[in-house]
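This briefing covers helix packing and salt bridges. The sequence and structure come first, followed by the notes.

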Amino acid sequence: MTREALWPYALEVYGRPGAEPLLLELQDAHGQCAPYLIWALWVAASGRGVDAARAAQAAELARAWQDAAVVPLRRLRRELKADARAGPKAPRERLRERVKGLELEAERMLLQMLQDASSAPAAAAPIAAAQALALATAAWGGDPPAGLIARLADLAG
């Protein structure tokens, strides 16, 4: 696995024991963007470094794509699972799986956009995962529990 490609890195991190529930909790309960957090880990792991300005630019890009593509697809996927009024279960589940695929593709596109925006070395020196996550969560906003962010940094280490 190369640290140069964000998508394979994201798959590898997400597949680590405990990563999926941790990232989903940060996303669903604390308003964070899982792909953006993975991007922060990647810039640290790949030695690109990140500073507050770069984290803010990436957060702006991620928020715009989340609002335009990922969140609407996620909402539809969840509604199809939960809303029996939408029709019989079998067709809803088939459509839900297709929407789930589109949601994943939208997240992959976001990671590609973040990678493309991070291709040049940052002006900042390489930093640790915990520092990159601190900059990322500050730029994203909200107040995720420090313990969860520390667990994510440890998990990525």
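**Helix packing and salt bridges**

Pro35, Tyr36, Trp39 and Trp42 in α3 are in contact (heavy atoms within 4.5 Å) with Glu107, Leu110, Leu111, Leu114 and Gln115 in α5. The residues of this contact comprise seven nonpolar, one polar and one charged. The model is predicted: local features need pLDDT of at least 70, side-chain atom pairs count only at pLDDT 80 or more, and totals for chains, interfaces and linings use all residues. Residues are numbered from 1 along each chain as its sequence is written, and side-chain values use heavy atoms, with hydrogens and water left out.

- The whole structure holds seven salt bridges (a side-chain nitrogen of Lys or Arg within 4 Å of a carboxyl oxygen of Asp or Glu).
- One network of salt bridges links Arg74, Arg77, Glu103 and Glu107.
- In the pair of Glu107 and Arg74, the closest N and O atoms are 3.0 Å apart.
- This pair links distant parts of the chain, with Glu107 in helix α5 and Arg74 in helix α4, 33 residues apart.

Burial of the network residues
- Glu107 is buried at 16% relative accessible area (buried means under 20%, exposed over 50%, partly exposed in between, with a 1.4 Å probe and protein chains only).
- Arg74 is buried at 7%, and Glu103 is buried at 6%.
- Beyond its neighbours within four places in sequence, Glu103 contacts Val70, Leu73, Arg74 and Arg77.

A further salt bridge
- Arg78 and Asp28 form a salt bridge at 3.0 Å, N to O.
- Arg78 is partly exposed at 37%, and Asp28 is partly exposed at 45%.

Technical notes: Helices (H or I, at least four residues) and strands (E, at least two) are DSSP runs, numbered from the N terminus. Ala, Val, Leu, Ile, Met, Phe, Trp, Tyr, Cys and Pro count as nonpolar, Asp, Glu, Lys and Arg as charged, and the others, Gly among them, as polar.
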